[in-house]
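Hi,

Here is the structure I promised to pass on. Have a look at it first, and my notes on what turned up follow below.

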Protein chains: 2
Amino acid sequence: MKMSDRKKKILQIVVDEYINSAVPVSSKSIAEKHLTDVSSATVRNELASLEELGYLTQFHTSGGRVPSPQAYRFYIEELMEKGGLSERDLDYIHEAFSHKSNDVEHLIKDVAKVISDLTDYTSVAIGPRAEEEKIRNLALLACGDGRALLVIVTGERILRDSFIEIPENMTEEDLENASHVIAKLFEGKSLSEAKDVEDEVLAEFGQYRQVMREVIDALKMYTRPRDEDVVLSGAEKIFKHPEYEDIGNVKNFLSVISSKDKIAELIGDEDDEIQINVKIGSCDDADVPEDCSLVTATYSAGGKNLGTYGVIGPIRMDYTKVITVLENVGKALEGLISNKNKEKDDKDEKK
Amino acid sequence: MKMSDRKKKILQIVVDEYINSAVPVSSKSIAEKHLTDVSSATVRNELASLEELGYLTQFHTSGGRVPSPQAYRFYIEELMEKGGLSERDLDYIHEAFSHKSNDVEHLIKDVAKVISDLTDYTSVAIGPRAEEEKIRNLALLACGDGRALLVIVTGERILRDSFIEIPENMTEEDLENASHVIAKLFEGKSLSEAKDVEDEVLAEFGQYRQVMREVIDALKMYTRPRDEDVVLSGAEKIFKHPEYEDIGNVKNFLSVISSKDKIAELIGDEDDEIQINVKIGSCDDADVPEDCSLVTATYSAGGKNLGTYGVIGPIRMDYTKVITVLENVGKALEGLISNKNKEKDDKDEKK
DNA sequence: CGTTAGCACTTAAAGATTGAGAGTGCTAAC
DNA sequence: GTTAGCACTCTCAATCTTTAAGTGCTAACG
């Protein structure tokens with residue numbers, strides 16, 4: 001059976017209505033409010049046909065219809081009418097991003113909060129992979145008991161959570177020298193380049209060779225997302241949506257978002273090419289819990305990945321609003337970053 | 001009216017029973033199971049009297065009695081019979097703490113997880129105040145755009161970092177020198193001592209004076225706990241307790257624990273002298289939500305504060321178990337730290 | 001005077017019944 | 001293809017009933 005234009009129109013109405021009201025929609029309400037030129041009986045026939053096609057379901061015979069996961073997918077791909085954001089929302093975004101700090105860790109948190117506030121859903125975010133960031137500076141700080149802290153400053157952030165063992169006979173001065181030598185070698189390299197330093201290069205380091213090896217081992221840690229890079233914001237917002245009047249759904253939801261590992265798993269495997277990605281539980285991805293939907297966007301600016309951001313909520317989600325917010329936040333973020341880069345270039349030129 | 005021994009006994013029975021069953025306890029069940037020498041009518045008289053004293057309440061005339069917050073407080077202070085932990089639980093604690101990393105940030109997380117796992121409540125923890133930590137090492141790392149990263153390593157490897165502005169005309173070498181000088185000055189001092197450096201001392205720093213001032217400003221920021229120092233574990237555990245079948249309670253609970261600021265506020269103002277602290281909502285502390293109870297312990301070893309740990313859950317909490325777990329975790333932690341210190345001393349001696 | 005048995009009273013929780021309302025499916029006619 | 005009409009189904013809310021639990025009170029007992 002083919003999808004006639006009227007069927008599409010009706011499906012769109014059903015999804016729109018249901019997203020707004022959370023109440024199953026009836027043939028009568030459609031005929032009265034939206035399709036005044038046909039009767040409810042006609043709509044009823046179309047609805048029955050849409051149900052057969054798998055786009056609609058009903059809980060019981062007299063309960064109106066509800067979109068199936070498949071219907072949401074179709075809605076997002078073909079039916080949804082994108083709108084803009086209100087002036088107020090746009091202002092909010094720009095104000096939120098006007099701060100000066102250029103530390104990515106804070107930025108991720110801010111972005112997550114903005115997304116959650118504007119959409120009224122719980123937002124999740126995962127920061128950019130550190131791997132491709134260029135090392136700006138690096139230091140080894142003695143901690144006093146055979147260990148040293150490795151601090152790496154990249155263009156975007158500070159990595160400071162790995163300790164390395166240092167040889168017994170190494171003095172603080174030695175460590176400092178080693179630190180300098182290594183910093184010089186790695187400066188301007190990305191983390192992933194740095195960790196692939198050849199053995200021959202290593203050989204030149206003489207006495208510092210062992211420290212060097214430890215540093216490289218530590219670098220390998222940064223290839224996987226760390227807990228700190230996974231951010232959650234507005235968990236309490238789920239209560240704004242009626243599906244979470246049901247304790248079972250809340251449990252389900254909470255069990256997912258209370259583990260950063262699980263969140264990372266959900267949003268971590270994005271294909272960087274796709275800008276906006278929608279995963280609907282029990283339809284697209286086995287990891288997304290049933291009755292849940294995950295909409296994410298992977299941002300990048302100047303060829304640099306800026307992380308993946310999104311919201312998680314009930315399948316009956318306001319996709320239009322969510323996607324619009326994600327797009328606008330993306331633009332704002334891109335603007336922010338490229339501005340910063342320009343400032344930097346200007347400064348560099350002055351030099 | 002005085003509390004006779006029998007009244008105390010009965011109150012104890014009521015609290016014990018209610019904690020175990022979550023069901024209002026009746027005069028009959030008390031007489032049958034625990035006070036076989038008197039009749040239920042007698043118990044009834046005593047219950048009525050305890051109710052008058054404010055220790056018991058009933059939801060409706062025929063619904064058995066439930067302890068009031070005041071009763072829980074009395075129970076904790078006088079009636080509770082402390083027991084030990086099972087062999088299994090003790091093993092679990094020791095195994096969990098046998099790892100080698102002595103980075104406090106990870107330790108806090110582990111401790112929180114252990115507490116939550118053993119008690120089946122949501123645990124909260126706040127790391128040691130940075131203020132009193134002794135500075136071991138300190139470095140300023142150039143970041144390339146008029147800023148430098150200040151990294152501080154303290155005794156327990158608690159790291160603090162923040163950006164400071166550096167004067168335009170300062171070269172990397174200058175920065176490094178400044179870093180050395182400042183590090184030497186502050187080594188062995190606590191953060192709170194360091195931030196109170198006198199103006200006269202500052203004057204001696206000549207060209208580095210401005211940087212020094214920036215560093216001191218940054219130090220002042222560390223007096224408040226950071227978000228990263230507040231840890232939550234086992235949020236999903238609340239569903240193990242019947243009071244959280246009710247969506248209203250879940251909302252209430254989630255709104256508290258979804259903000260690290262609020263959590264910090266709750267557990268941050270502990271008096272270090274008190275080892276175990278119980279706050280019962282609508283009885284002890286206005287910040288603790290009604291129907292909630294917060295049991296915390298502030299640990300220290302070798303005179304050093306190790307942070308505050310605890311659980312948050314319904315008023316009807318298994319205080320005996322919770323307090324026992326907190327005590328045992330405290331002992332294990334103390335053992336761990338003092339062992340580490342001994343190792344360190346041994347090493348120092350060898351030198 | 002504390003303790004007890006007995007009994008009337010209260011209340012919640014669970015089940016059954018009912019009626020109203022909403023919505024559909026189907027059929028026959030347009 | 002569209003529509004009106006009607007029977008059918010199902011939920012939801014209200015009402016009532018029953019049951020079981022537990023108390024409060026009183027009068028009697030040792």
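**Salt bridges and charged patches**

A:E51 has a relative accessible area of 25%, so this residue counts as partly exposed. Keep in mind as you read that this is a predicted model. The partner of A:E51 is A:R65, and their side chains form a salt bridge with 2.9 Å from N to O. The two sit 14 residues apart, A:E51 in helix α3 (residues 40-52) of chain A and A:R65 in the loop between β1 (56-57) and β2 (66-67) of that chain. A:R65 is buried, because its relative accessibility is 12% and the cut-off for buried is under 20%.

Another one in chain A joins A:K240 to A:D120, with 3.5 Å between the closest N and O atoms. Here the partners are 120 residues apart, with A:K240 in the loop between β7 and α11 (247-257) and A:D120 in the loop between α6 (104-119) and β3 (122-126). A:K240 is exposed at 54% relative accessible area, while A:D120 is partly exposed at 26%.

Over in chain B, the side chains of B:K8 and B:E78 meet in a salt bridge at 3.8 Å, N to O. B:K8 is in helix α1 (residues 5-21) and B:E78 in helix α4, so this contact ties together parts 70 residues apart in sequence. B:K8 comes out as partly exposed, at 26% relative accessibility. Back in chain A, there is also a network in which salt bridges with shared partners connect A:R6, A:K7 and A:E46.

Now the surface charge. A positive patch brings together A:K109, A:K260, B:K109 and B:K260. Of these, B:K260 lies in helix α12 (residues 260-268) of chain B and is partly exposed at 33% relative accessibility. There is a negative patch too, and among its members are A:D227, A:D261, A:E265, B:D261 and B:E265. Helix α12 (260-268) of chain A and α12 of chain B are the elements giving two or more residues to this negative patch. A:D227 sits in the loop between α10 (209-220) and β7 (230-233) of chain A, and is partly exposed with a relative accessible area of 35%.

Last, the overall layout. Chain A splits into domain 1 (5-79), domain 2 (87-127 + 227-350) and domain 3 (131-222). The centres of domains 1 and 3 of chain A, taken over C-alpha atoms, are 61 Å apart.

Cheers

Terms used: Residues are numbered from 1 along each chain as its sequence is written. Chains are lettered from A and ligands numbered from 1 in the order in which they are written. This is a predicted model: local features need pLDDT of at least 70, side-chain atom pairs count only at pLDDT 80 or more; totals for chains, interfaces and linings use all residues. Side-chain values use heavy atoms; hydrogens and water are left out. Domain bounds come from an automatic or database domain assignment. Patches are made of residues with over 30% relative accessible area and no salt bridge: like charges are joined within 9 Å, nonpolar side chains (Val, Leu, Ile, Met, Phe, Trp, Tyr) within 5 Å. Accessible areas come from the Shrake-Rupley method with a 1.4 Å probe; for residues, only the protein chains shown count as cover. A salt bridge is a side-chain nitrogen of Lys or Arg within 4 Å of a carboxyl oxygen of Asp or Glu. Lys and Arg count as positive and Asp and Glu as negative; His and the chain ends are not counted. The place of a charge is taken as NZ of Lys, CZ of Arg, CG of Asp or CD of Glu. Helices (H or I, at least four residues) and strands (E, at least two) are DSSP runs, numbered from the N terminus. Buried means under 20% relative accessible area, exposed over 50%, partly exposed in between (1.4 Å probe, protein chains only).
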